[in-house]
Structure formats: C-alpha cells, structure tokens
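Hello,

Here is the structure I said I would pass on. My notes follow below it.

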Amino acid sequence: MKITNKTGNDFSIFESVVTDAYSILNYRANLAEIIISTEKNYGDIIAEIDENESYTNTADYTGFGKTIFDRSTKLNTVIIREEIIHSLIKKPISSLDEIKFKNQNIQFSHYLVLHELGHCIDNVDRNIHLLSVYPNSFFKVRKILNFYFLNATCEYNAEKLPKHYLSDEYIQLEITNLETSYEIMMKDFNQYKILYKNDLRNLAFSILNSFALFFIQYSRYLSLTNGTAFSNEYLDFSQKYFAVSPKNRNFDREFSNSYLSEILFRDILINLERYGFRIVELEGETDALYY
Ligand SMILES: [Zn+2]
C-alpha cells in the first residue's frame, strides 16, 4: 500500500501510524493507495481517478473521505482530506483498541478512516458497481431508488468495521446527527420548491436526492447500533421504509435482502405530485412525469 501526499504539508509520520495501527486490516481491504488531499483538490483527485465518480458536496454535507474501487484489479484507492490526518498524527495510536478512549475529535478522524476501510472490504466482498443516475439519465423514480438503495447497503456495510472501535458515547453523538439530517431534508423540500420552480426535472432529482441522503444516513446508524439505540419513532420508520425489523436477530441478513419499500416509493410520488408532477403508468410501472 502506498501513501501519496498531495497537500504540500509534511505527513510522513502518518505512514507509520497507518502501517502500525491499521496494518491488520489492509490485507482484507485490498487497499492499493491512500491519497491525502486538500479541501481544494479533493474533487479534482476523485475526478482524475474516475470521471464518473461523484462525492458529497452540498450546503449541509461535505465529504472528507472517498473510496474508489477498480473492479478489474479488485483494488481500492482511498482519498482522505488532510484535516483528518492532522488529528490522527497529533496523538498517534499503536492499536485500534485505543480509539474508544480518545476524545470525540480524534474518534471522528479514526471513524472516517475506518469507514473508508469498511467500504474497501465491502467492495472486495460484494464487487459492487455503483453507476451514477444523476444528472444525465432519464427520470425514473424506481430506477433512482434502486440506485440509492444499493448506495445505502454500501454505507450500511462500511459501518461494520468502525462500530467495534468507537465508544458508546461517540455512537450516540452520531445518532443525534441523524435527527438533524431529518430536519435538513424537510427544510430542503421547501427551498427546492422556490429554487427550481421553472425546472421540474431538477426539482424532482433534488427531492429524491434529499430523501436518499437521509436514507443513507439512516442506514449507517442502523448498522452502527443494530437498531438497538433507536426510539420507537425510528424503529417504525425502518419497518415502514426498509421493510426490516431491527429487533430481529438476523438483522444483517434481513437488511441486505431488503429494499426501499413500495411505501417510500408512493410517499415520494405524492411529494412530487405536490410539486407539479403527473403520476403515470409506464410499461406497467408507476412513474412520475413532469409538465
Ligand atoms: Zn461511506
């Protein structure tokens, strides 16, 4: 595994931190390279490796790490922003078991690295190919939901690694963030309505995207907690939309076999209808058309 530093800052100590503390995970992760980026060149580096890859960059969510999988060589490349590395090298660890005793900022940095390694392992295990559906594809609600569900299963699986190394308090903090995500989603709907009032196709993608971001957050937290830390409100939510019951002993298998349910599909269509969409039957499938 090689480390490529594209920041201009000295991170040579990071190499020993990674090789010591994380070495045990590398062989399962098929990790060929870690690239350290700045905030500024993060997007360019991702595009350089694969022009079809997208990354999180909205007013409310910013990506700090990204894993790109090459299905022909079965090798992963992880891109991490330098902000994360700063706190990793400030207080280096010699074993992953030390992470849960560190403060929240340091846990957050390790969490991001472990999350990306979790993606690496999942990529190798499942050989998943995620094709972007935005922005050039034909607007088909079902197709877009299928894409995002696949995305949600990737996030779900990526959390299986970090959850063993984080403190309960840290995980609780992540759950609080989920409540914020929900509020952001509801706020977004109203903003899009004003922003895209003459561009219904963009409006539809944005609403779906916002739904999906919340679902992806939600599936991460389901994984971190196996559903146990959730209030009834969230348990109902997962039963309703994912058609899974987090109390089940076979929750993992149940989740990976589930899908974004018909109920979610209808809820989104109803939202779209409010924004000027027409719901139609296309080749036996219910879909939405915009005027
Ligand atoms: Zn992820």
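At what angle do the axes of α5 and helix α10 cross? In this predicted model, the axes of α5 (residues 141-158) and α10 (residues 262-274) cross at roughly 125 degrees and come within 11 Å. The crossing is right-handed. On the α5 side the contact is made by Val141, Arg142 and Leu145, and on the α10 side by Phe265, Ile268 and Leu269. By class, this contact has five nonpolar residues, one charged and no polar.

Helix α5 also holds tyrosine 148. This tyrosine is buried, because 20 other C-beta atoms lie within 10 Å and 20 or more is the cut-off. Leaving aside residues up to four places away in sequence, tyrosine 148 touches Ala212 and Phe215. Isoleucine 216 is 68 residues from tyrosine 148 in sequence, yet the C-alpha to C-alpha distance is 7.8 Å.

Then there is the sheet. Four strands form an open sheet in the order β1-β2-β4-β3, with mixed pairing. Its edge strands are β1 (2-5) and β3 (65-70). Neighbouring strands are turned by 15 degrees against each other on average, direction ignored. β3 pairs with β4 (residues 75-81) in the antiparallel sense over six bridges, and phenylalanine 69 has asparagine 76 of β4 as its bridge partner.

Two helices go with this sheet. Helix α2 (residues 42-49) packs on it, touching β2 (31-37), β3 and β4, and its direction makes about 170 degrees with that of β4. Helix α4 (residues 104-126) lies across β2, β3 and β4 and runs at about 15 degrees to β3.

Regards

Note on methods:
Residues are numbered from 1 along each chain as its sequence is written. This is a predicted model: local features need pLDDT of at least 70, side-chain atom pairs count only at pLDDT 80 or more; totals for chains, interfaces and linings use all residues. A residue is buried if 20 or more other C-beta atoms lie within 10 Å of its own, exposed if 12 or fewer, and partly exposed in between; C-beta atoms are placed from the backbone. Two residues are in contact if their C-beta atoms, placed from the backbone, lie within 7 Å. Axes are lines fitted to C-alpha atoms, for helices over the stretch in contact, and angles run from 0 to 180 degrees between N-to-C directions. A crossing is left-handed if the near helix is turned anticlockwise from the far one by less than a right angle, and right-handed if clockwise. Ala, Val, Leu, Ile, Met, Phe, Trp, Tyr, Cys and Pro count as nonpolar, Asp, Glu, Lys and Arg as charged, and the others, Gly among them, as polar. Two strands pair if DSSP finds at least two bridges between them.
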